Amino acid sequence: MSPKKSSAVQPSSSRVTRSSARKTTAQSSTPAPLPQPSSASMSAPTGRNATGPRKRKREVVNLISDDDSGPESERDGTTMGNSQSRHKERRRQETPPGKPARKSSRKNKAKIVTARAASPDTILTCWFDELKGSNDEITMMESIPWLQTLGVSPDGIAFWVIAYWCEAKGEGSIKLKEFIEGMKALDIYSNDTLRRELPNLMQLVAPGSERFQKFYWFCYEFFKAPDAKYLPLDMACEIFNIILDETTYNTKWAPPGESKNPLKVKQPISWERFPHRHAFLEFLKSTPQPTRVITKDQYRQFLPFNEQVDLEFEEYTIETSVWPSLFDQFVAWRKEKLPKDENSMDQT
């Protein structure tokens with residue numbers, strides 16, 4: 001009896017195989033549906049070892065899954081559940097070549113802009129634009145808010161010191177190119193950095209330093225008109241009063257009150273570095289005025305005059321003097337003002 005049962009099952013298996021083959025060839029257009037079991041198979045006995053509908057159904061499912069995983073199915077793109085991935089892949093392949101180029105160009109442009117914004121010249125130009133006036137320069141008047149931001153008095157010497165380190169050419173102002181080159185040389189790119197470095201920059205040009213004479217000569221050219229050969233008297237007096245005062249080379253300096261005006265001091269102090277400063281300024285302001293201008297030679301010679309001429313002018317002879325004639329007038333005027341009944345050198 002067992003040989004007959006086995007022969008009855010084999011044709012059914014061959015029919016399933018042929019049916020699967022036919023459905024596989026048609027699979028390129030539509031997925032193959034699951035085969036329905038025949039009436040004979042439905043009436044077959046069920047059991048663990050019987051070749052009933054459940055076993056044949058498993059065989060059909062295995063055949064279909066094997067066919068779906070074949071190269072033909074992958075080539076035709078019939079795998080279910082991957083339509084979204086295929087759609088993204090198709091869009092990526094069909095993207096025009098110009099779009100990635102535009103995207104990369106934007107990135108490169110952004111990098112260029114960032115690099116330019118971070119360049120020293122750009123930073124200093126933007127800083128200068130915040131400080132300049134209508135004539136594209138920083139003048140004494142326009143520097144007042146800036147100096148207040150730096151925490152120094154606008155009436156002091158701070159702006160002169162900044163102009164010196166920027167190597168400003170003259171007319172009492174700082175140009176863009178001078179500002180950029182000067183700040184780059186100092187490695188200063190902000191108000192905060194300048195505020196920290198300003199005390200040191202002022203001390204480097206203070207009286208007694210190696211740079212003081214150069215700074216002193218610079219101020220004459222800085223405030224002088226471009227084609228002029230002299231300084232107006234009022235401007236020269238202001239320069240003498242500030243640049244020769246050692247206390248002004250301090251960021252905490254403030255202008256003295258009216259009662260402490262140095263022009264009203266009658267007796268100079270012998271230990272000052274420039275002992276003739278007060279009396280010389282008083283002489284220049286006297287009536288009638290001895291001069292209306294200060295020449296370059298008079299301005300420069302006033303430094304060695306303070307170093308070589310004593311307060312009593314004991315060794316100063318007007319007839320044989322080699323000093324400028326303005327200094328001879330000052331000595332004659334000063335001798336008339338000196339007390340004759342006491343020695344002014346004995347100051348205790």
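Phe327 sits in helix 16 (residues 325–337), where helices are DSSP runs of H or I with at least four residues, strands are runs of E with at least two, and both are numbered from the N terminus. Phe327 is buried, with a relative accessible area of 0%; buried means under 20%, exposed over 50%, and partly exposed in between, using a 1.4 Å probe and protein chains only. Before we go on, please note that this is a predicted model, in which local features need pLDDT of at least 70 and side-chain atom pairs count only at pLDDT 80 or more, while totals for chains, interfaces and linings use all residues. Residues are numbered from 1 along each chain as its sequence is written, and side-chain values use heavy atoms, with hydrogens and water left out.

Which residues does Phe327 touch, leaving aside its neighbours within four places in sequence? Its contacts are Phe280, Gln298, Gln301, Phe302, Phe305 and Tyr316, a contact being heavy atoms within 4.5 Å. Take Phe280 from that list: the C-alpha atoms of Phe327 and Phe280 lie 8.8 Å apart, and 47 residues separate the two in sequence.

Helix 13 (residues 233–243) and helix 14 (residues 277–284) pack at an angle of about 165 degrees, and their axes are 10 Å apart. The axes are lines fitted to C-alpha atoms, for helices over the stretch in contact, and angles run from 0 to 180 degrees between N-to-C directions. Helix 13 is therefore roughly antiparallel to helix 14, a label for angles over 145 degrees. On the helix 13 side, the contact is made by Leu233, Cys237, Phe240 and Asn241; helix 14 brings Arg277, Phe280, Leu281 and Leu284. Helix 13 passes helix 14 in a left-handed crossing, that is, the near helix is turned anticlockwise from the far one by less than a right angle.

Now to the charged side chains. The structure holds 8 salt bridges, each a side-chain nitrogen of Lys or Arg within 4 Å of a carboxyl oxygen of Asp or Glu.

| Salt bridge | N to O distance |
|---|---|
| Lys184 and Asp121 | 3.1 Å |
| Lys132 and Asp129 | 3.4 Å |
| Glu221 and Lys224 | 3.8 Å |

Lys184 and Asp121 join in a salt bridge that links distant parts of the chain, with Lys184 in helix 10 (residues 176–186) and Asp121 in helix 7 (residues 120–131), 63 residues apart. Lys184 counts as partly exposed at 33% relative accessibility, and Asp121 is partly exposed at 37%.

Lys132 and Asp129 belong, along with Asp136, to a network of salt bridges. Lys132 is partly exposed at 31% relative accessibility, and Asp129 is partly exposed at 38%.

Finally, the protein as a whole. There are 16 helices and 4 strands, and 33% of the 348 residues count as buried. Among contacts with a separation of 6 or more, 67% are between residues 24 or more positions apart. The protein exposes about 22800 Å², 52% of it supplied by carbon and sulfur atoms; accessible areas come from the Shrake-Rupley method with a 1.4 Å probe, and for residues only the protein chains shown count as cover.

How values were computed. Angles under 35 degrees count as roughly parallel, over 145 as roughly antiparallel, 65 to 115 as roughly perpendicular and the rest as oblique.
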